[in-house]
Amino acid sequence: MRFPLAPTAKIARHIVKHKLKGTPKFAMVLQLEPLHTCNLTCTGCGRIREYSTSLKDMVPLEQCLAAAAECDAPMISICGGEPLIYPKIEELVAGLHEQGRMVYICTNGVFMRKKMREYLASAYTPSFEPQLAQLLTEKLVTEKEAEAIRKADGAAKSKVVIRPSKWHYWNVHVDGLEFTHDLIVEREGVFKECVAAIQMAKILGYQVATNTTVYKETETAELEEMFKFLSSLGVDGHTISPGYDYDAAKKDMVKRLGKDPAQFFLTREMTRQKFKDIERWGQMFTIFGTPGYLEFLAGKRELACSAWAVPTYNIRGWKAPCYVMTEGHYPTYAQMLAEVKWDRFGVDDHGCGRDARCENCMMHSGFEPSGALSSSPRDSWINFKYNFGSRPAPYPSSPELTRAAYNGATIGKGHLAEAKEAVNREFAGVKSAFARGGNDLPHDHDHADSGHSGGSGGCSSGASGAAGDQLADLKAKIAAAKKIEVKSE
Ligand code: SF4
């Protein structure tokens, strides 16, 4: 099976219950955002921009649990922001488990090892020594950390922690191999940390999933390599979704990076091109999701949007109409269901957006549930076969696969290192998002105000406008991340 039996049965019961009752709209997955604070500033992330004035605010624990109870979704995806920054994250996970819900923690992976060391400290008995020895051998904990785990005091022993459970997945954000991923999260070393966290989690018996957003520049060949590598690490499943140009992200792309959003996000046609191999990947790797949604991504069918089935709750309430678009926030899920004019959103039978902003959307949060909730006998059969059929075997690990994965900062080719070199040489064409190894994609140099031609790039060292902002932005990032002095012009 792709998914553990007990949670699968619970989700199936939830759907059957509502179908028998004739509930017109109900929640399948709650996207719970207890805070929007994050330790990273990923390119394309709308949250840290849309909620930039309330980054310090948090949803109290009781309110988070009440929101889950109100919508009664069997699956909770705790996202944000970075949920591991939420001070009561352990209590939140425990409370959701007490309610009998499946929990995904959508994390950038940076704090995962710390949380797992806390688990080890709380649970440690000599029977953990073989696992600790393996973690030491693989350099996933240090000798000092291992000693701290062995000598944990009463406070560490009694701390609420996130334990391995079939009702819980770490859901680690990975958007590509090392170079691409670090570029997107705008910090070197994050990919390496994610991989270390995944390895540690698997040694300790956690379930691990990954989530990947596909952008316009994402290369499908790289995605396949990424899935092979992640599968070889023992990752239990993958979610994948096309990126989408919702407003806050779009504004940020233009203002901060000087990019044209039309060059960054996918249209429906482009999405279908990118996802043409998705069904084959579904056979090769444990891709989570419904086969109907995979067919939709591959361009083989249309689906209606069921954004109400994947509601988002955050510091302002129930976000409507969907995860990506904001027209308002409601105090209760019931009120949101009742008051939003749902037929204004999504796409019509021909795939045309009822709202202009829906035109290019193929996000999993809108369309994935439509495949699961379909009552056609064919959909029921393919869903059953896909989820209850045997799980694809892990891809065999190999030194070649590992070498291919570490193609960025690890071998001195991270984007900050590259930019530093460019800045210090007063090289005009500072690498921008997704440009790699000197082979910039032509559109990365097409800014109307950058004053340079295409090809290898050439804004002057006194770059102005968008290019100047980008240069300044990169310099600041280099200085902050590397703690080095960057020579100014
Ligand atoms: S199609 Fe659905 S999920 Fe996508 S933007 Fe429109 S309402 Fe939101």
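Q: What share of the 489 residues in the protein is buried?
A: A residue is buried if 20 or more other C-beta atoms lie within 10 Å of its own, exposed if 12 or fewer, and partly exposed in between, with C-beta atoms placed from the backbone. Here, buried residues make up 46% of the 489 residues. This is a predicted model: local features need pLDDT of at least 70, side-chain atom pairs count only at pLDDT 80 or more, and totals for chains, interfaces and linings use all residues. Residues are numbered from 1 along each chain as its sequence is written.

Q: How many helices and strands are there in the protein?
A: Both are DSSP runs, numbered from the N terminus: helices are H or I with at least four residues, strands are E with at least two. The protein has 21 helices and nine strands.

Q: What part of the contacts with a separation of 6 or more joins residues 24 or more positions apart?
A: Two residues are in contact if their C-beta atoms, placed from the backbone, lie within 7 Å. In the protein, 75% of the contacts with a separation of 6 or more link residues 24 or more positions apart.

Q: At what angle do helix 5 and helix 10 pack?
A: Start with the axes. They are lines fitted to C-alpha atoms, for helices over the stretch in contact, and angles run from 0 to 180 degrees between N-to-C directions. Helix 5 (residues 112-123) and helix 10 (residues 190-203) pack at about 25°, their axes 9 Å apart. That makes helix 5 roughly parallel to helix 10. Angles under 35 degrees count as roughly parallel, over 145 as roughly antiparallel, 65 to 115 as roughly perpendicular and the rest as oblique.

Q: Is the crossing of helix 5 and helix 10 left-handed or right-handed?
A: A crossing is left-handed if the near helix is turned anticlockwise from the far one by less than a right angle, and right-handed if clockwise. For helix 5 and helix 10 the crossing is left-handed.

Q: Which residues of helix 5 and helix 10 meet?
A: M112, R113 and M116 in helix 5 meet A196, A197, M200 and A201 in helix 10. By class, the residues of this contact are six nonpolar, no polar and one charged. Ala, Val, Leu, Ile, Met, Phe, Trp, Tyr, Cys and Pro count as nonpolar, Asp, Glu, Lys and Arg as charged, and the others, Gly among them, as polar.

Q: How far apart are the axes of helix 3 and helix 4?
A: The axes of helix 3 (residues 61-71) and helix 4 (residues 89-98) are 10 Å apart, at an angle of about 30°. The two helices are therefore roughly parallel to each other. Their crossing is right-handed. L61, C64, L65 and A68 of helix 3 make the contact with E91, L92, G95 and L96 of helix 4. Those residues divide into six nonpolar, one polar and one charged.

Q: Is G176 buried or exposed?
A: G176 is buried, because 26 other C-beta atoms lie within 10 Å. G176 sits in the loop between strand 4 (168-173) and helix 9 (178-185). Leaving aside neighbours within four places in sequence, G176 is in contact with H181, I184, T218, E222 and M226.

Q: Which residues come nearest the ligand?
A: A residue is near a molecule or strand if its C-beta atom, placed from the backbone, lies within 6 Å of it. Of the 14 residues around the ligand, C305, C322, C358, C361 and G366 come nearest. The shell has 10 nonpolar, three polar and one charged residues.
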